[in-house]
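Please keep the sequence and the model open while reading.

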Amino acid sequence: MIEVSREEARRIAVRAQLLNGSAKGVLTTVRRLGFLQIDTVSTVAPPQHLVLYSRLGPRYDRAELDRHLWRTRKLVEVNAFIHPIEDLPLLVARMRRRREKNAREGRIAAFLKENAGYRRYVLRELDRRGPLLSREIEDHAGFAREKHPWWGDRKMALMLMVLADRGQVAVVGRRQGQRLWDLAERWYPEVGRITWPQAQRVIAERRARTQGVRFERGRWLAHPEATDGPVPDRAVLLSPFDRLVYDRDRAEQLWDFRYRLEMFVPREKREYGYYVLPLLVGDAVVGRAEPVYDAKTKTLRLLGSWGDTSRLDEALDDLAAWLGASIVG
């Protein structure tokens, strides 16, 4: 690791995350970033799309991500993250890992034991009729919906999540945003096996590389493969899940920018807004804004802005152009 100044660290962090204009396409961008996080909250756009837009600009076509997920299958969705298919050995190693003995794993083990028949039913229905939406896997006659202190009445959703985490079922498509499920053996290609400790080391090294720098004992340390250089003077809004700001402590150390996602904070206790986007200008995170996109009217409305917003109009115009929206209010 190479010690650098904070000014150098800022440029390196932005360049490592391809926010310097070097991103050329969906597939190469995801491969460089390592993964995209999926979330259902999308006051502007789902985070997996907003992250790609922030790097590729208005030319980014959402259909390209779906094409690589469901047609070329060069990307794969696992546990609400999108990964390059070449990382599947690492993901499979995690699925096959030895389970830790903790309260969460204990509850899951008890759930599987208590619902062994239900598990067999789900796998049998997918084998016989898949791919299926979760609601299309009818409840087994002997397992009526019920309230439970842990999973409520969402037993099917929990079962699919657990089976996906163990590599038995997989997401093989989307229908109006809803996940299509099938047996993992029919979707995942055969891959070489590596151990979970080996996979952990590879994952840790890759994440260090994609972050570019880290703060350790009062010093900024750059990854050996990190590069410094000019960063274009572009203003762009980022997803709250963007890896540039996802490490909240590092973001605060780099830019004196304290960011917290407040959608789970009661309205009267929020410092800013429900779903606020950081504003990046060049190599600095300088402010934040809360735009909301209405897909029915194709309009983009700004609910609030904070910090240095002198370049916010430029970022909003760029965002509206990508969404095909007009700015109102």
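The model is predicted. Two helix pairs come up first: H6 with H8, and H3 with H11. Two packed helices are described by the angle between their axes and the distance between the axes.

**H6 against H8**

- Helix H6 covers residues 103-114, and helix H8 covers residues 155-165.
- The crossing of H6 and H8 is left-handed.
- H6 contributes Ile108, Phe111 and Leu112 to the contact, while H8 contributes Lys155, Leu158, Met159 and Val162.
- By class, the residues of this contact are six nonpolar, no polar and one charged.

**H3 against H11**

- Helix H11 spans residues 312-323, and its axis comes within 11 Å of the axis of H3.
- The two axes cross at roughly 120 degrees.
- H3 and H11 are therefore oblique to each other.
- The crossing is right-handed.
- His49, Leu50 and Tyr53 of H3 meet Ala315, Asp318, Leu319 and Trp322 of H11.
- This contact of H3 with H11 has five nonpolar residues, one polar and one charged.

**The buried face of H2**

- Which residues of helix H2 (residues 26-33) are buried? They are Val26, Leu27, Thr29, Val30 and Leu33.
- Viewed down the axis of H2, the buried residues fall within an arc of 165 degrees, so they line one face of the helix.
- An α-helix has 3.6 residues a turn, so residues three or four places apart point the same way.
- Just after H2, Gly34 has a positive phi of about 100 degrees.

- Leu50 lies in helix H3. Its relative accessibility is 1%, so Leu50 counts as buried.
- Beyond residues up to four places away in sequence, Leu50 touches Ala45, Leu238, Ser239, Leu277, Leu319 and Trp322.
- Leu50 and Pro240 are 190 residues apart along the chain, with their C-alpha atoms separated by 9.4 Å.
- Met156 is in helix H8. At 9% relative accessibility, Met156 is under the 20% cut-off and therefore counts as buried.
- Met156 and Tyr118 are 38 residues apart in sequence, and their C-alpha atoms are 8.9 Å apart.

**Backbone details in loops**

- Where is the cis peptide bond? It joins Gly130 and Pro131, with omega about 5 degrees.
- Pro131 sits in the loop between helix H7 (116-129) and strand E5 (132-133).
- Ala80, a residue other than glycine, has a positive phi near 70 degrees.
- Ala80 is in the loop between E3 and E4. With a relative accessible area of 31%, Ala80 is partly exposed.
- Gln176 also has a positive phi, near 50 degrees.
- Gln176 is in the loop between strand E6 (169-175) and strand E7 (178-183).
- Is Gln176 buried or exposed? Its relative accessibility is 80%, so Gln176 counts as exposed.

Note on methods: Residues are numbered from 1 along each chain as its sequence is written. This is a predicted model: local features need pLDDT of at least 70, side-chain atom pairs count only at pLDDT 80 or more; totals for chains, interfaces and linings use all residues. Side-chain values use heavy atoms; hydrogens and water are left out. Axes are lines fitted to C-alpha atoms, for helices over the stretch in contact, and angles run from 0 to 180 degrees between N-to-C directions. Helices (H or I, at least four residues) and strands (E, at least two) are DSSP runs, numbered from the N terminus. A crossing is left-handed if the near helix is turned anticlockwise from the far one by less than a right angle, and right-handed if clockwise. Contact means heavy atoms within 4.5 Å. Ala, Val, Leu, Ile, Met, Phe, Trp, Tyr, Cys and Pro count as nonpolar, Asp, Glu, Lys and Arg as charged, and the others, Gly among them, as polar. Buried means under 20% relative accessible area, exposed over 50%, partly exposed in between (1.4 Å probe, protein chains only). The arc is that of the directions from the helix axis to the C-beta atoms. Angles under 35 degrees count as roughly parallel, over 145 as roughly antiparallel, 65 to 115 as roughly perpendicular and the rest as oblique.
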